[in-house]
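I opened a notebook page for this chain. The entries below follow the order in which I looked things up.

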Amino acid sequence: MTDAKIVVPKIVVTDAPDADDIAVINDGLRAYNTEKAGFDDYRPVAVFVTDPKTGKVEGGLHGGSYMGQLRVDRFFLPADHRRDRIGSRVLALAEDEGRKRGCTRVTLNTMEIQAPGFYQKQGYEMAAKLDCDAPGITRYLMTKKL
């Protein structure tokens with residue numbers, strides 16, 4: 001009988017991951033999900049607020065649609081654009097695009113120092129509240145039916 005050696009993988013923690021290494025995880029999970037769900041309909045989405053003179057992006061949001069859900073990953077507007085319902089219009093355009101793609105729900109994460117009140121005014125509900133002990137900041141998972 002042969003002694004079979006069990007090879008134990010090395011586990012590494014880093015704060016500087018390589019893009020190719022991240023791709024291994026992203027691509028592997030996407031392939032797994034596609035195999036189990038039988039389809040892959042991921043599409044990125046972005047709504048930009050631009051300077052009318054230069055065309056330079058000054059803010060907006062980005063995320064993606066996947067398997068019936070629109071996800072907002074990041075949403076930022078500079079202070080001078082947080083008026084005149086610009087944020088509401090940006091969010092509404094993203095939601096409209098989600099509906100066109102067949103999404104029935106939108107989700108996002110925000111923090112208490114960001115804009116949970118803004119999202120509630122847009123019809124979002126708290127799905128989860130994640131309290132973080134000091135020096136942390138409470139986070140919220142918010143969702144809305146489209």
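I took accessible areas from the Shrake-Rupley method with a 1.4 Å probe; for residues, only the protein chains shown count as cover. On that basis the protein chain exposes about 10800 Å², and carbon and sulfur atoms supply 54% of it.

I note that this is a predicted model, in which local features need pLDDT of at least 70 and side-chain atom pairs count only at pLDDT 80 or more, while totals for chains, interfaces and linings use all residues. Residues are numbered from 1 along each chain as its sequence is written, and side-chain values use heavy atoms, with hydrogens and water left out.

I looked up the overall dimensions. The C-alpha trace of the protein chain spans about 75 × 40 × 35 Å along its principal axes.

I then read the secondary structure, with helices (H or I, at least four residues) and strands (E, at least two) as DSSP runs numbered from the N terminus. I found 3 helices and 6 strands, in the sequence pattern α-β-β-β-α-β-α-β-β.

Next I checked burial (buried is under 20% relative accessible area, exposed over 50%, partly exposed in between). Of the 146 residues, 26% count as buried.

I picked Thr110, in strand S4 (residues 105–111). Thr110 is buried, at a relative accessible area of 3%. Contact means heavy atoms within 4.5 Å. Leaving out residues up to four places away in sequence, I list the residues that Thr110 touches, among them Tyr119, Arg139 and Met142.

Conventions: Buried means under 20% relative accessible area, exposed over 50%, partly exposed in between (1.4 Å probe, protein chains only).
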